Amino acid sequence: MNTLDINQIKEYLPHRYPLLLVDRVLDWESGKSITALKNVTVNEEFFNGHFPHKPVMPGVLMIEALAQTAALLSFLTEGRKPDENTVVYFLGIDNARFKRPVEPGDQLKMKVEITRCKRGIWQYRAEASVDGQLAVEGDLMCTMRSAADASQKA
């Protein structure tokens, strides 16, 4: 089984608190799929405003957690870690659907599969669940560029 802890994840993702949204990788297979976790705690910054009377994880952050999981899979598949010259662009999402709210105390289990990689464009099928219940799903698209290309259109 291929696993990664939070310190290993930080070697692959440039995100840091409060926007690092992957806590552990349970398993991954190069070129195929990854399963990761996000532990959702009441101490998350976004719960102060979303919503104080009924805390719910914003959908956009669930999508971001899936995109970070997808980026991890791409770097692991390529067998390399990003450097300060690497930028990952989130190009799009299709078919996004939110099926259940995610609340403090939940553990978001994210599964991402590579569906296509052609000319530097990665496509994935992604879903996240809580206790076996689907919370969010969608088709993601990303690309990696060098910082020199960062000012150019992705």
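Reader: In which loop does Pro18 lie?

Author: Please keep in mind that the model is predicted. Pro18 lies in the loop that runs between α1 (6–12) and β1 (24–29). The peptide bond joining Tyr17 and Pro18 is cis, with omega about 5°.

Reader: What is the value of phi at Asn95, and where is Asn95 found?

Author: Phi of Asn95 is near 60°, which is positive although the residue is not glycine. Asn95 belongs to strand β3, residues 86–98. Arg119 also has a positive phi, near 50°, but its place is the loop between β4 (107–118) and β5 (121–130).

Reader: Is Arg119 buried or exposed?

Author: A residue counts as exposed when its relative accessible area is over 50%. Arg119 has 75% and is therefore exposed.

Reader: How many residues has the largest nonpolar core?

Author: That core has 41 residues, and Met57, Leu72 and Leu108 have the most contacts inside it. At least two residues each come from α1, β1, β2, α2, β4, β5 and β6 (133–146). The greatest share is that of α2, with 11 residues.

Reader: Which residues is Met57 in contact with, leaving aside its neighbours within four places in sequence?

Author: Met57 is then in contact with Val40, Phe46, Phe47, His50, Met62, Val102 and Leu108.

Methods: Residues are numbered from 1 along each chain as its sequence is written. This is a predicted model: local features need pLDDT of at least 70, side-chain atom pairs count only at pLDDT 80 or more; totals for chains, interfaces and linings use all residues. Side-chain values use heavy atoms; hydrogens and water are left out. Helices (H or I, at least four residues) and strands (E, at least two) are DSSP runs, numbered from the N terminus. Buried means under 20% relative accessible area, exposed over 50%, partly exposed in between (1.4 Å probe, protein chains only). A nonpolar core is a set of buried Ala, Val, Leu, Ile, Met, Phe, Trp, Tyr and Cys residues joined through side-chain atoms within 4.5 Å. Contact means heavy atoms within 4.5 Å.
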